[in-house]
Amino acid sequence: MLQHDTSRHDTGRDDTRRDDTGRDDTGRDDDAVISALLDRWSDGIRRRDLAHIAAQFTQDALFQGFDPEPAFGRGVVSAYYGKQPIGLTAEYTLIRATALGDDAVLGYAAVTFHRPDREVPTYLTVVAVREEDRWLISHYHVSRVG
């Protein structure tokens, strides 16, 4: 679920690749790229659809959840979410999206994971890359808040 927090965007920056609508010089809306990707990811979590969640990542994605070691690939993503409690949901507020190039966007969001027994506030950094006509997560790093 998206909550868009425009108050946390740095509106005073000198960014020649973006106009005042948030679109870069190619017409792409970086916020929309990250929001659509996180919407699909969080929907898969809500439905506990492991294949759907994993499909939002590249084949070789770097994945750093709460496990102590980083891991790579869709199989790791599926296994990670498979061991999460039934009823888990994720609600996010997009803080920033920034173009890294024509086919890459950096996203930063505040995410609250709602577990049956508690809420877990986090910050999430993702790098989305365009593969053919679809945006996928190639780098995922979550950090607990507090």
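Where in the protein is Glu132 found? Glu132 sits in the loop between β6 and β7 (134-144). The views below start with the whole chain and return to this loop.

**View 1. The whole predicted model.** This is a predicted model: local features need pLDDT of at least 70, side-chain atom pairs count only at pLDDT 80 or more, and totals for chains, interfaces and linings use all residues. Residues are numbered from 1 along each chain as its sequence is written, and side-chain values use heavy atoms, with hydrogens and water left out. The protein has three helices and seven strands. Helices (H or I, at least four residues) and strands (E, at least two) are DSSP runs, numbered from the N terminus. Along the sequence, their order is β-α-α-β-β-α-β-β-β-β. Of the 146 residues, 39% count as buried. Buried means under 20% relative accessible area, exposed means over 50%, and partly exposed lies in between (1.4 Å probe, protein chains only). The protein exposes about 7700 Å², and carbon and sulfur atoms supply 50% of it. Accessible areas come from the Shrake-Rupley method with a 1.4 Å probe; for residues, only the protein chains shown count as cover. Take contacts between residues at least 6 apart in sequence: 52% of them join residues at least 24 apart. Contact means heavy atoms within 4.5 Å.

View 2. Side chains of opposite charge can pair when their charged atoms come close. A salt bridge is a side-chain nitrogen of Lys or Arg within 4 Å of a carboxyl oxygen of Asp or Glu. The whole structure holds eight salt bridges. Asp43 pairs with Arg46 (2.4 Å, N to O). These two residues lie in helix α1, three residues apart, about one turn of the helix. Asp43 also pairs with Arg47 (2.9 Å, N to O). Here the spacing in helix α1 is four residues, again about one turn. Arg46 is exposed, because its relative accessible area is 51%. Asp43, at 25%, counts as partly exposed. Arg47 is partly exposed too, at 39%. Arg47 has a further salt bridge, to Asp49 (3.2 Å, N to O). Shared partners join Asp43, Arg46, Arg47 and Asp49 into one network.

**View 3. Arg48 in the loop between two helices.** Arg48 lies between α1 (30-47) and α2 (50-54). Its phi is positive, about 55°, although Arg48 is not a glycine. With a relative accessible area of 33%, Arg48 is partly exposed.

**View 4. Val120, a buried residue in strand β6.** Strand β6 covers residues 119-131 and includes Val120. Why does Val120 count as buried? Val120 counts as buried because its relative accessible area is 7%. Leaving aside neighbours within four places in sequence, its contacts include Phe66, Val111, Phe113 and Arg144. Gly146 is 26 residues from Val120 along the chain, and their C-alpha atoms are separated by 9.6 Å.

**View 5. Glu132 and a patch of negative charge.** Asp60, Glu131, Glu132 and Asp133 gather in this surface patch. Patches are made of residues with over 30% relative accessible area and no salt bridge: like charges are joined within 9 Å, nonpolar side chains (Val, Leu, Ile, Met, Phe, Trp, Tyr) within 5 Å. Lys and Arg count as positive and Asp and Glu as negative; His and the chain ends are not counted. The place of a charge is taken as NZ of Lys, CZ of Arg, CG of Asp or CD of Glu. Asp60 belongs to strand β2 (residues 57-64) and is exposed at 58%. Glu132 is exposed at 78%. Glu132 has a positive phi of about 60°, although it is not a glycine.
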